[in-house]
Amino acid sequence: MILVTGATGAVGGEVARTLVSAGPVRVFCRDPARLPELGPGCEVAVGSYQDRGSLLRALAGVDRAFLVTRDPGGDSDACFLRAAAAAGVRHVVKLSACAAGEDDADDPVTRWQRDCEDLLRSCGLEWTLLRPRAFMSNTLAWAGSIRAEGVVQALHPEAPVACVDPRDVAGVAVAALTSPGHAGRIHTLTGPEAISAVGQTRELSRVLGRPLVCRGLTAEQAAAHWSRRHPPHVVEALLRGAERQSRGRKTAVDPSVARLTGRAARSYARWAADHREAFGAAPARFSGPARV
Ligand SMILES: NC(=O)c1ccc[n+]([C@@H]2O[C@H](COP(=O)([O-])OP(=O)(O)OC[C@H]3O[C@@H](n4cnc5c(N)ncnc54)[C@H](OP(=O)(O)O)[C@@H]3O)[C@@H](O)[C@H]2O)c1
């Protein structure tokens, strides 16, 4: 049995969807109503990392797990790993982040990721770390302003990043969970090229078939925007990450996605085409018989 956490998120949902056709899978989530369609073969365990009883029930009979957490400074990884060790889990594949392996990255979120990686590597279980660059799906945050006024607003709009399609991160996670040779390995995951917010806006404009404008934000404006959704230590991390991006520190392309999945890493153009409806494109037309 494989346990998939984070299945309401971009990567975990795709991991669960892919695994469900291959064998027994259970997802662990706080709110089943937020799960994507996973099919009848998928077991659902409801709970939270902070509820040890719910974790132990979810982990019963599990030998491999995909771990996704998102509480910088919090104890979700520690809670999960304590319960996983007690339940006899053999191998944990953890979603971490590229910056955790980069010496010049030193912000509160990266320090938290490094601490979580260290916890996993020292807990006695087999481990695999996935270190993706920024997800292409982060640009879904632009959907509202694109729909409303055809505008994208970004800090350092000309600075490129080798962002990765979450479906490719999920593809590597599935490989690590289902094939040998991944224990004790760290996989750095990027897309096939570095692209800036201006370039991403151009691709979205192309797939939507209408002009879009990309406007730069000052650091103060970006911080004010992020502060509506994130606590100060996360806003600080976002600002420092953007500053590293502006210095060209996030452009390196890594071949691991293709090597580990056997498929070329998807481009941002491909991601944009596959998600055009989220930005206001009309759904593809049903091409059935013409009405008379
Ligand atoms: N976004 C990026 O560009 C990016 C890039 C590199 C690395 N990462 C890393 O990827 C990880 C996921 O980030 P994300 O942005 O993809 O987030 P996400 O899609 O929202 O995934 C987080 C998942 O964790 C679940 N979760 C959170 N707290 C929980 C708890 N107490 N108990 C049970 N489940 C809980 C959430 O469930 P709910 O639906 O209940 O909230 C959600 O399914 C983070 O470690 C992040 O640092 C992200």
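**Exercise 1. Work out how strand β2 sits in this structure: how many of its residues are buried, and which way do they point?**

Step 1. Start with burial: 5 of the 5 residues of β2 are buried, so the strand is largely enclosed by the rest of the structure. Keep in mind that you're looking at a predicted model.

Step 2. Now sort the side chains by direction. Val25, Val27 and Cys29 point one way from β2, while Arg26 and Phe28 point the other way. In a regular strand the side chains alternate between the two faces of the sheet.

Step 3. Next, find the partners across the way. β1 (residues 2–5) pairs with β2 in the parallel sense, over 4 bridges. Leucine 3 has arginine 26 in β2 as its bridge partner, and threonine 5 has phenylalanine 28.

**Exercise 2. Place the strands in their sheet: what is the order, and which strands are at the edges?**

Step 1. Read off the order. The sheet is open, has 7 strands and runs β3-β2-β1-β4-β5-β6-β8, with parallel pairing.

Step 2. Look for strands that pair on one side only: those are the edge strands, β3 and β8 (185–189).

Step 3. Helix α4 (residues 108–121) lies across β5, β6 (126–132) and β8, and runs at about 160 degrees to β6.

**Exercise 3. Classify the ring pair of phenylalanine 28 and tyrosine 49: what kind of aromatic pair is it?**

Step 1. Know what to look for: a pair of aromatic rings is described by the distance of the centres and the angle of the planes.

Step 2. Take the distance. The centres of these two rings are 5.8 Å apart, and the cut-off for a pair is within 6.5 Å.

Step 3. Take the angle. The planes make 45 degrees; under 30 would be stacked and over 60 edge-to-face, so what's left is tilted.

Step 4. See what the pair joins. Phenylalanine 28 is in strand β2 (residues 25–29) and tyrosine 49 is in the loop between β3 (42–46) and α2 (52–59), so the pair ties together parts 21 residues apart in sequence.

Step 5. Check burial with the cut-off of under 20%. Phenylalanine 28 has a relative accessible area of 4%, so it's buried; tyrosine 49, at 13%, counts as buried too.

Step 6. Widen the view. Phe28 and Tyr49 form one aromatic cluster together with Phe80, and the structure has 4 aromatic pairs by this rule.

**Exercise 4. Describe how helices α3 and α4 pack: what is the angle, and which residues meet?**

Step 1. Two packed helices are described by the angle between their axes and the distance between the axes.

Step 2. For α3 (residues 76–87) and α4, the angle is about 10 degrees and the axes are 10 Å apart. Angles under 35 degrees count as roughly parallel, so α3 is roughly parallel to α4.

Step 3. Name the contacts. From α3 come Asp77, Ala78 and Leu81, and they meet Trp112, Cys116, Leu119 and Leu120 of α4.

Step 4. Take a second look at tryptophan 112. The charged end of lysine 94 sits over its ring, 5.9 Å from the centre. Arginine 121 does the like with tryptophan 127: its charged end sits over that ring, 5.6 Å from the centre.

**Exercise 5. Decide for arginine 244, aspartate 168 and alanine 141: buried or exposed?**

Step 1. Arginine 244 belongs to helix α9 (residues 232–246). Its relative accessible area is 5%, so it's buried. Leaving out residues up to four places away in sequence, it touches Ala99, Glu102, Asp104, Ala105, Arg249 and Lys250.

Step 2. Aspartate 168 is found in helix α6 (residues 166–178). At 1% relative accessibility, aspartate 168 counts as buried.

Step 3. Alanine 141 is in the loop between β6 and α5 (143–149). At 58% relative accessibility, alanine 141 counts as exposed.

Technical notes
Residues are numbered from 1 along each chain as its sequence is written. This is a predicted model: local features need pLDDT of at least 70, side-chain atom pairs count only at pLDDT 80 or more; totals for chains, interfaces and linings use all residues. Side-chain values use heavy atoms; hydrogens and water are left out. Rings of Phe, Tyr and Trp (its six-membered ring) pair if their centres lie within 6.5 Å; planes under 30 degrees apart count as stacked, over 60 as edge-to-face and the rest as tilted. Helices (H or I, at least four residues) and strands (E, at least two) are DSSP runs, numbered from the N terminus. Buried means under 20% relative accessible area, exposed over 50%, partly exposed in between (1.4 Å probe, protein chains only). A charge sits over a ring if NZ of Lys or CZ of Arg is within 6 Å of the ring centre and within 35 degrees of the ring normal. Two strands pair if DSSP finds at least two bridges between them. Contact means heavy atoms within 4.5 Å. Axes are lines fitted to C-alpha atoms, for helices over the stretch in contact, and angles run from 0 to 180 degrees between N-to-C directions. Angles under 35 degrees count as roughly parallel, over 145 as roughly antiparallel, 65 to 115 as roughly perpendicular and the rest as oblique.
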